[in-house]
Amino acid sequence: MSADNLLYEPPGPVARRRNRIISVIGVVLLFCFMYAVGHRLEASGQFDAHRWKIFLHPGTLKFLFDGLMATLLAAVISTVLAFSLAVPLAMARLSNRFWVRTLAAGYIGCFRAVPLLLLILFTVILLPSIGLHWSALGYLIFGMVLHHSAMTAEVVRAGILSLGRGQKEAALSIGMRDHQAMMWVVLPQALKLMLPTLVSAVLAIVQDTSLGYIIPYEELLRRSQQISSFAPQSLLQSAFIVTVMYGFVSALLLALRRWIERRQAYDSRGHRTKTAITEGNFGAAVEVAPVMQSGLRSAPDRMSGRDQ
């Protein structure tokens with residue numbers, strides 16, 4: 001049994017037939033549900049042209065595009081700052097010093113437990129009271145960095161712990177200090193393994209920027225609400241357009257994650273193949289060595305026979 005099938009047994013003929021039947025039934029039920037929803041929307045006039053006419057105006061499209069750019073701006077800045085803070089937090093969580101581990105665990109436990117919406121509201125109320133008057137973008141980024149740095153720190157810590165202890169021990173054996181082994185040997189390998197999970201964390205950050213509408217920050221969802229206020233008859237249509245735009249960004253990130261996973265699987269298979277070839281050649285050399293030795297031992301006997 002291969003390593004890929006060690007924890008998973010491939011389905012047999014009966015199970016595959018049952019899975020196909022269940023899949024067909026599921027697809028039929030999904031189409032029936034979509035038809036029922038579409039019929040109700042058609043009956044209520046949601047497909048009428050006057051409800052969609054506002055989205056054909058160039059000003060409306062630019063208005064939504066600017067909201068998308070504001071969403072991506074907040075997501076990029078929050079991602080960079082959150083990931084930059086998550087790595088030191090994860091390393092502090094694994095520190096040998098008790099007080100460093102305690103402080104890191106307290107930070108992570110606190111900001112993971114608080115809902116992000118409440119954290120954003122808290123920053124908007126607290127920071128101005130101590131003299132920090134920022135823009136809506138600053139408040140949103142501050143709250144998201146606190147929350148997602150704690151979430152990502154646990155991901156980084158889990159990735160570091162997933163590596164074997166031999167990596168760090170090998171680095172220490174060649175004279176590296178503990179922090180050097182972590183920085184130059186363990187952490188790069190852990191980050192490479194965590195890339196798909198980190199892409200999912202970026203996707204969560206992009207989606208959480210929609211909470212900025214309560215500040216209010218002029219992101220995509222906020223722009224959608226403003227269009228709905230201007231044209232109440234297009235409330236559902238506005239939500240649909242924004243959903244499609246969020247879905248497009250999410251699809252790009254999910255495609256990036258799948259590409260990284262396939263690339264890592266390909267590299268892993270190539271490494272296993274090279275290892276198997278190397279081990280096979282070494283085994284062949286080991287098997288050939290006794291034959292060569294016996295031939296060398298018999299060579300003087302053959303030479304003495306010819307001399308006689």
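Hi everyone, let's start with the pocket: 19 residues line the largest pocket, and Leu94, Asn96, Lys168, Asp178 and Met182 are the ones nearest its centre. A pocket here is an open set of points on a 1 Å grid over the protein atoms alone, where a 1.4 Å probe fits and protein lies on both sides within 12 Å along at least five of seven lines; lining residues have an atom within 4 Å of a point. The elements giving two or more residues to this lining are α6, α7 (165-173) and α8 (178-208). Helix α7 provides the largest share, five residues.

Before I go on, a word on the model: it is predicted, so local features need pLDDT of at least 70 and side-chain atom pairs count only at pLDDT 80 or more, while totals for chains, interfaces and linings use all residues. Residues are numbered from 1 along each chain as its sequence is written, and side-chain values use heavy atoms, with hydrogens and water left out.

Back to the pocket. Its volume is about 560 Å³, where volume means the space filled by probe spheres set on the grid points, which are joined across faces, edges and corners. By class, the lining has nine nonpolar, five polar and five charged residues. Nonpolar covers Ala, Val, Leu, Ile, Met, Phe, Trp, Tyr, Cys and Pro; charged covers Asp, Glu, Lys and Arg; the others, Gly among them, are polar.

Now the fold. The protein has 10 helices and zero strands; these are DSSP runs numbered from the N terminus, with helices being H or I of at least four residues and strands E of at least two. Of the 308 residues, 29% count as buried, meaning under 20% relative accessible area, with exposed over 50% and partly exposed in between (1.4 Å probe, protein chains only). Among contacts (heavy atoms within 4.5 Å) between residues at least 6 apart in sequence, 73% join residues at least 24 apart.

Glu154 sits in helix α6 (residues 136-162), and, leaving aside residues up to four places away in sequence, Glu154 touches Arg93, Ile108 and Arg112.

On to the aromatics. There are five aromatic pairs in the structure. Rings of Phe, Tyr and Trp (its six-membered ring) pair if their centres lie within 6.5 Å; planes under 30 degrees apart are stacked, over 60 edge-to-face, and the rest tilted. One of these pairs is Trp52 with Phe240, edge-to-face at 6.0 Å centre to centre and 85 degrees between the planes. Trp52 is in helix α2 (residues 49-52) and Phe240 in helix α10 (residues 235-307), so this pair ties together parts 188 residues apart in sequence. Trp52 is partly exposed at 26%, and Phe240 is partly exposed at 48%. Another pair, Trp134 and Phe142, is also edge-to-face, with 5.7 Å between centres and 70 degrees between planes. Trp52, Phe55 and Phe240 form one aromatic cluster.

Two last stops. Arg223 lies over the face of Phe63, 4.2 Å from the ring centre; the criterion is NZ of Lys or CZ of Arg within 6 Å of the ring centre and within 35 degrees of the ring normal. Finally, Trp259 lies in helix α10, and its C-alpha atom is separated by 9.0 Å from that of Pro196, 63 residues apart along the chain.
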